[in-house]
Amino acid sequence: MKIKGYLDQSLSLQFVGLMARFLLFIIIGAVIITIGYIQLNAYHAAQDETLERKETIIQRIDTSFNQAFFDFRGYFAYNNEVLKDSGYAQEDKLRSFIADFQEVAVTNEDFIFIENVREFLSYYYTDLIPVMIADYEQGNVDEIQTIANDGVTNKLEIFQEEVRSYRLKVDGQIESNYKLHAERNGYVLLVVGLYLAGIIFLLFRMTRTMFINIGRPISEFAGVANEIATGKDADMNFMSDRKDELGQLSDAFKKMVKTLQSKEQDLLGQNEELIAQQDELEVQKEELENVLIHLQQSENNLKLRNEFVKGISNSLNKQTVLQEIIVNMCKVTEADQGIISFLEEKDFASYGVSKAGEVQFLANLDNGLHERLMQSKNSFTVTRELEQDEKGLHEGKSYAYDLYFPVIDVENEVGAVLVLSRYGTPFPTDKIEEYEGFTKQISISLENIQMYDKTEGDRKRNQAILNTVLEGIQLVDLNGQTVQVNQKLRSVFSCQDWNAEIIGLSAAEWTNEMVAHVEDKEAFKAFFSRAIEAEEMDDFFQYTLQNKNEIYKVYATSLFDEEEKIGTVFVHRDITKEAEIDQMKSEFVSTVSHELRTPLASIYGYTELMLNRTLKPEKQKKYLTTIYQETTRLTSLINDFLDVQRMEAGKQSYAKKYVDLVKIIDKVVDTQQINASLHHFNVIIDSDHTTVLGDQDKLEQVFTNLISNAIKYSPDGGEIAIQLYQDGNYLKTAIKDEGLGIPKDALANLFAKFYRVDNSDRKTIGGTGLGLSIVKEISHAHDGDVAVSSEYGKGSTFTLSLPLVESIATTETSPENEVVENAFTVFVVEDDYSLATLIEQELRENKFSVYHYTKALDAINQLSHHMPDAIVLDLNLEKGEMDGWEFMGELKKMDAKYSDIPIIISSALEEKDKSFALGAIDYLVKPYKASDLSRTILQILLMKEKRGQIFIPDADKK
């Protein structure tokens, strides 16, 4: 009855009772173990903290004592007060450490140790250190040594050893506490293990009870269910006496079995019907899969076509499009490699083809297959056996299939060829027509590119032409929107990126951009607005750029296509120079009229006095002197005008010779000193080489203009310093005055013709503004220059630079040919003794070493003994001898050093072209001035940078 009652209990009540007892056991045990473990750890943690603090304080006491020992020893050794102060400072630290240790002291040993430290501290700082410091400061070093030898050092060492020993003892206590803690933790682990073993035992007992009451009936239940599932007859009376959940489950199972058995026949019939429907669905699935594959193929084809069209349409760059064509065609046709090439332009692109293959293909564009393609204009396929280098790792016989396509242009001609190759499998024949459709798209794309290239080329060429025009050009449409501009227009308005920015801007936008750079803004905008809106416009407007003083005239002209206006063209022309010239002309007329009238008025007045009155001789002489001076002034003025005219026409001639600048400067200073009573001249010569190659009269004119300006523009007198010095290969002359100076804004235009500084303090100073421009022209004609520096109100310095030529001394070496050391050597090949004598005399006067030969062959034989710097050659020499033509031909055949010698032809023949062809450097037709010959030779040799040098023959050629 007991078991029966137990079986009647609910399974859930059984399970809840067991679990409640089990959980209560676990909770009580876990609480007891946890509390014990926490208390144990807290105890040992407190012990560790106390002992570690003791150790730290002991270490600090030891360190502080050591520091004090070393500080006082350092003080006794080096008399360093800082070390003494540091030693005394340790006392406060030590007393602080003793107080800290007092707080953590627990055992009697701790209190004994702290008492020993306190006693030693008192002994050290009260009894020992003050006595030793007093002896040391009184100079009793021996007393200090006696104290140290009497046991003080031993006491210190004993104290240090006691401190270290106690520290080690504390370390041992820390280690013991750690071991005890570990041992007690082991006991805790043992208790935990026993506790877990008890839990496992209880769990086992619970599991066994549950298995007996639940597991065994369920096993029987499973056996009956398996028998029923396999179609066998089973005993359905199991668990009939149970009233718990399993008894209820067995009753439900029995009812279910009866229901299933009653419906089994219905299910079998339905199963057969479902099998038939499944077969039908399988057939429909296969059909749908085939349709799906076809749709996917169509989708892929459309995707490839779209990618193909997109690839060749996204760019107008020929090479990019060709590369897209060949790559996409290889994808579409599944080709292994391919190449496309124009027939005429030789532009091409390839995919999967080596560089050698590209070269081979392009070199054979005119072979039979391509000829067939051009004649038939139809695609075809060629089957061939693979070459050895195409097989790769394959050893057997393999084939390649080449597909040729013609790309037809708009004129129905083959403009390009497309060749695709497959390895192993041929191209599908049903796809060829589709591929040909792609080639038509390729043809359209290539035609568009060629048209774009042509249009772009025309546009760039037109833009390049516009950019070369010196006027700014702008084309706008009917609405004022900018269509085209050139480079000059961008530079006028200081906007280098305008060509990219202004195109497409409205009239309001680009006029606002331009207006920011001009002065009369409203009139400027009104002109452009009127020009754009007018039915027909042919007018101009003048404007000035801000902060540039540049004047422009813009012309507006309507642009027509037949009779319909399509836009307006604006041309911006720089008229700054013209405006300056107009102003300069006005100023020049005013200046010249004043400069001419002033001396003429004096001449006219004094002449009238002399004609109408009887004057004393001294008066007449005074008046005549004034007339003479004014006449000279007038003549100089006219000569300046003539010089400027000749220089502008390029007709100014210069008779250049070696001249000494010192002599020229002295002469000009002597002349100018007459009219400069308030001025003091200081001539400073800082160079031993004062010789230049120049026209003496023109150089005198230069110095006259510069020195007279220095006098004229320092009206209050002062020093005029003239310094001559060498700077590199130039001889420079600086002329400095203490006068009015020149404003900075006038320096840039100072050497311009007719320019005069416009200042009130210069109104009374005459002049035409030609003097400095003449100085500039003459200095440039002498391969030199002139520069100016000035401080306004304090004077100016003009510096003239001329190429330096070292002085040449003469010496006679032979009666036949006079040789000048360190000079240029000239061979004169002339059979006319009179002319040869004249040439020799002229050249020697100009410091040349001259060798005269009547026969050309003699001159050639002397080349190995004397290397000439130049040769003067007559073409018609004695009959039966070598003439001038043969001489030049022979010279060209000789060593290169001889063929480079300059030859100046001196002849009555007009054979310049032939002479120049044979190597002549210049040609003088007889008769000519001897000075022209020496000047020509000097200029040629100086251009070769052979100033003052002579040729020294090799030793083996002497």
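I looked up Phe 101 and Tyr 166 and found both buried (under 20% relative accessible area, with exposed over 50% and partly exposed in between; 1.4 Å probe, protein chains only). The model is predicted: local features need pLDDT of at least 70, side-chain atom pairs count only at pLDDT 80 or more, and totals for chains, interfaces and linings use all residues. Residues are numbered from 1 along each chain as its sequence is written, and side-chain values use heavy atoms, leaving out hydrogens and water.

I then turned to aromatic pairs, in which ring centres of Phe, Tyr and Trp (its six-membered ring) lie within 6.5 Å; planes under 30 degrees apart are stacked, over 60 edge-to-face and the rest tilted. By this rule I noted 32 aromatic pairs. Phe 101 and Tyr 166 form an edge-to-face pair, 6.5 Å centre to centre with 70 degrees between the planes. Phe 101 lies in helix α3 (residues 81-104) and Tyr 166 in helix α5 (residues 141-229), so the pair ties together parts 65 residues apart in sequence. Helices (H or I, at least four residues) and strands (E, at least two) are DSSP runs, numbered from the N terminus.

I next examined Phe 540 and Tyr 555, a tilted aromatic pair at 5.9 Å centre to centre and 50 degrees between the planes. The pair links distant parts of the chain, with Phe 540 in strand β8 (residues 538-544) and Tyr 555 in strand β9 (residues 551-561), 15 residues apart. Phe 540 is partly exposed, at 44% relative accessible area; Tyr 555 is also partly exposed, at 30%.

I recorded one aromatic cluster whose members include Phe 65, Tyr 88 and Phe 159.
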